[in-house]
Every structure is written in structure tokens, then in C-alpha cells.
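I opened this notebook to record what I looked up in one structure. The entries follow the order in which I worked.

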Amino acid sequence: MDLNLLRERLLAIVGEAGIVCAADAAQRPAGFMRPEGVQCLLLVRPASTHEVAGVLRICHELRLPVVTQGGRTGLVHGADAMPGHLVLSLERMQQIEDINPRQRVARVQAGVTLQALQEAVQPHGLAFPLDLGARGSATLGGNAATNAGGNRVIRYGMMRDMVLGLEAVLADGSVVSSLNQLIKNNAGYDLKQLFLGSEGTLGVITRLVLRLRELPASQNVALVALRDFESVSGLLKHMDRTLGGGLSAFEVMWREFYELVSTPPAASAPPLPHGHAFYALIEAQGADQAPDNQRFVAALEAALESGLVADAAIAASQRECAALWALRDDVMQTARHGWPLTFDISLPLDAMQAYVQQLRAALAQRWPAHHCWVFGHLGDGNLHLVIHTGSEADRPAVEQLVYQPLAVLQGSISAEHGIGLEKKPYLHLSRNPAEIALMRALKQTLDPLNLLNPGKIF
Ligand SMILES: Cc1cc2nc3c(=O)[nH]c(=O)nc-3n(C[C@H](O)[C@H](O)[C@H](O)COP(=O)(O)OP(=O)(O)OC[C@H]3O[C@@H](n4cnc5c(N)ncnc54)[C@H](O)[C@@H]3O)c2cc1C
């Protein structure tokens, strides 16, 4: 392939500002905490759906593989490219095209960051409730392509539940515009679902119609300590029932993680003493601070009286709410002993405690000096495991210990981060042969030349 000729043809579509050469692309970090540069033949930055379609038509004609990149905050190497790939970045597609406060929908280009939309809808008294630590860089297109989860799934669902319609460009450059803005629309197949969670393998998402919610007017947050896992699952049920739909987060930290993030050099002091088996951060959002606070406090008092909760610290101000969240979010403390291995899994609540105990025992047998920190969005059955054995070379052995038992438990090797390259060898543990065959058939139908994000997922 003549690179100059390719460049000329792409230039005619996206203009000078739309092309970045391989050497300049290599100056961009490949991902979060990954200083190595982006590899590619060329990086292209289209500014509209029309331009994306033009670029993909050329790539289709030349059989040139394309890797779509949003904010490159994905955690499973899903946006990694190789020197022979064309990288298609959505970074110039940052228009919030419309916010309709009555209909409670927003229409955006896919390169808009999550935080930009959150901030833009707030003056209308509305919220876009997806929220995650990478909000400042992660794009809405990336959120859709990974079906992102985050902190408030228990109340609002995952990204899939917030997308009403989308527009995607297929591998051959054809545009499928399905910009539905209705909550109910059962007129045939729901085509957007094909692209949600497809990690850039079925099409390039260019625009989205997103469902907005009323901005909560009250927030109550508490940190509680619990004696055993029975109490954790009992408390989840108790709070959800008592708060009548107001529960917006139920995050649990196993003892080791809590002690790590509340011990220097971590910035937070422990709001509750060390030594309890579990700690839960509980958040409720509602419409009226005073009565919502009364209901929240009463629910926690009942839990203390019945013995479900051993100790509790209730935030008395916005600042204290933020401080409790900061403690939970201080996951970088796990890098204190060197770069660890991180996992994002799902499993039924009933199986969780035994799974963690067995994993710890297996890790201790093989690596007596290991660290294993456990925390996560327990209200959604989603745990994050951070494991440090001292060597990256242990990764395959640790992955076996983490993933293998999930098949029997009907858990998932990926709760919210996707498969990318990192989890590809383990997909069969969470999906059966018929499911994988149907995934392959969909890929073959939409991208028969295997040009979009080749080699990812399966
Ligand atoms: C600090 C931190 C905290 C995080 N917390 C969470 C969390 O709580 N929950 C969670 O789910 N994730 C979390 N993540 C992971 C990450 O932020 C999400 O996966 C996010 O949705 C990725 O968006 P992005 O724009 O960065 O996508 P990228 O990383 O650029 O790409 C991710 C995948 O989507 C594809 N893609 C990107 N844009 C498009 C598009 N427009 N069309 C088609 N395919 C596309 C790429 O090819 C790739 O396969 C976290 C990451 C970090 C660094």
C-alpha cells in the first residue's frame, strides 16, 4: 500500500487537522497508566459521521484494519492497535448537538466525554447518571462500546439502559442511523443493542441519543462496619427495601482494602476503626434532603439495633460525603508495592464469600507473601480483585485461579470492562459454544472482511 497515496485520499476527506502520522501518534499514551505510545500506520480524526463513513469506505476498499479509539481509558486492551492498523479517533467529534429538557434526552457526537455531558445537563436540572472514575477522559462512544457500568448501576442500570438510540458506521462505510428517542419502541429488532458492548468490532458509533434523569436534590452517604458476609447481604436487602427505591450505591470493601486506603501514605484517616471484616459505603439519592436524611438515618439505626451493622459513620455534609467516596475510590493505593494485577468479575451473591475465601487460600499456598485486595459494586454482584504477587510473569497462573471457578458458579470473567485482548483466552468460561458461534455469525454478517478491531473479544 502506498502510504502517500492513502494519506492524500484521507486528507481529501478529513483535512490536514484530521491526520496524525505514526510518529506523532506514538507520543500518545496507549492507555491508562500505559506510557508506551499508540502504534499505527496513521491516526485519523474525522469530525462528522460523513467523514467517518468516507474513511471506512477507503479502508474497506484497501482491506485496511481499523481500530476505533475514544478516550483510551478502557482497561482490557480493547483499543490497542498494531503498526499496520489505521486508528480512528473520535476526539474531534465533541458536539453536544441537543439537550431536550422536556423529553429528557440528549443527542451527542460519540467523542463527547462523560463529564462534559454530565456538566452540560446539570443547569437544566437534569443528570446523566452514568458515573465512573475516568469521567474526564472516557467518551460516550467508548462508554457505549464497552457498555460501561460504574458507581450507580444499582439505581440506573448500565450504559445500555441509558442509550435510546445511536448511529453507527459499518465496516463498508454504510451508515445505520437509528437515533430513536422514545423509551418504548418495539418496532422490530432493537438494532442499537448490537453495538452496545461490541467493543468496536461491529461498527463505529458516531452519535448517540441518551436518556436523562431528574437531578437528585438530596444525597445521604454512610460508611458502616459489618461482622460477616451474611450481614453484608442482609444489609443490602434491608436498605433497598427501607429506602423505597432511593438506594443509589452499595459499595463493599473487604477488611484488607479498607485498611490499605485508610492508612498512611493514603490521604484518608479511618472514619471507623480497623478490625471489622467488611465495610460498606451506602448512598441514597432523593428529592428532599431533610425527610430523606431522616429515612436514611432511621434505616441505619434499625440495622444497628438488629445487629446487622456493627458500627456506622454518617456523613453530615457534602464535604463528608465526598470524603467517604474519596476513600472508596483511592484504588491507586494498591500500586504501593508495585504494579498489581486487576480483575473485574461478577458472580451470584450467595457464592461470593466462599469464592473469595477459596481464592485467597489458593493464592496463599502458591505465593505466601501475596496481597489480595477485594472491593466492588456489591449491589450489582460485581467485585474488583487486585492481586500482587511480585511478578507480572505470574499473570497467567493468577488468571487461572481467578477465572476458572467462575464457570461453575455461572459468574462472569468481565462484569463491566469488556473482553478486549486481555480476557480473550477466557471467554469460553462465561459464554457457551452456541453463544460464541452466534457472536461470530454477527461479526461475519456486519464485518465479513474482519476489518473492525480485528482479534478483539474472540
Ligand atoms: C480510573 C478508571 C476508572 C474506571 N472505572 C470504570 C467503572 O467504574 N466502570 C466501567 O465500566 N469502566 C471503568 N473504567 C474503564 C473505562 O473508563 C470504560 O471502559 C470506558 O467506557 C471506556 O471509554 P473510552 O472512551 O476511554 O474508550 P476506549 O478505551 O478508547 O475504547 C474502549 C473500547 O471501545 C471501543 N470504542 C471506543 N469508542 C468507540 C466508538 N465510538 N465506536 C465503536 N467502538 C468504540 C474501542 O475500540 C475499545 O474496544 C475505568 C477506567 C479508569 C482508567
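This is a predicted model: local features need pLDDT of at least 70, side-chain atom pairs count only at pLDDT 80 or more; totals for chains, interfaces and linings use all residues.

Entry 1: I then looked up how the protein chain is divided, and I found four stretches: domain 1 (3–92), domain 2 (96–214), domain 3 (218–332) and domain 4 (338–437).

**Entry 2: domain 2 and domain 3.** I looked up the separation of this pair and recorded 30 Å between the C-alpha centres of domain 2 and domain 3. To their contact, domain 2 contributes 5 residues and domain 3 contributes 13 residues. I recorded a buried area of about 690 Å² between the two domains, with 39% of it on carbon and sulfur atoms.

**Entry 3: polar links across this contact.** How many salt bridges are counted between domain 2 and domain 3? I found 1 salt bridge. I also noted 4 residue pairs in polar contact between the two domains. On the side of domain 2 that touches domain 3, I listed 2 nonpolar, 1 polar and 2 charged residues. I looked up Glu-283 and Arg-152 as well, and their side chains form a salt bridge at 2.7 Å, N to O.

**Entry 4: the ligand.** Which residues are closest to the ligand? Of the 34 residues that surround the ligand, I recorded Thr-68, Gly-70, Thr-73, Gly-74 and Thr-139 as the closest.

**Entry 5: backbone atoms at ligand oxygen atoms.** I found a backbone N or O atom of Gly-149 at 2.9 Å from an oxygen atom of the ligand. For Glu-199, a polar backbone atom lies 3.1 Å from a ligand oxygen atom, and for Gly-142 a backbone N or O atom lies 3.4 Å from one.

Notes. Residues are numbered from 1 along each chain as its sequence is written. Side-chain values use heavy atoms; hydrogens and water are left out. Domain bounds come from an automatic or database domain assignment. Contact means heavy atoms within 4.5 Å. Buried area is the accessible area (1.4 Å probe) that two parts lose on being put together, summed over both. A salt bridge is a side-chain nitrogen of Lys or Arg within 4 Å of a carboxyl oxygen of Asp or Glu. A polar contact is a pair of N or O atoms within 3.5 Å; within protein, one must be able to donate a hydrogen and the other to accept it, and residues adjacent in sequence count only if both atoms are side-chain atoms. Ala, Val, Leu, Ile, Met, Phe, Trp, Tyr, Cys and Pro count as nonpolar, Asp, Glu, Lys and Arg as charged, and the others, Gly among them, as polar. A residue is near a molecule or strand if one of its heavy atoms lies within 4 Å of it.
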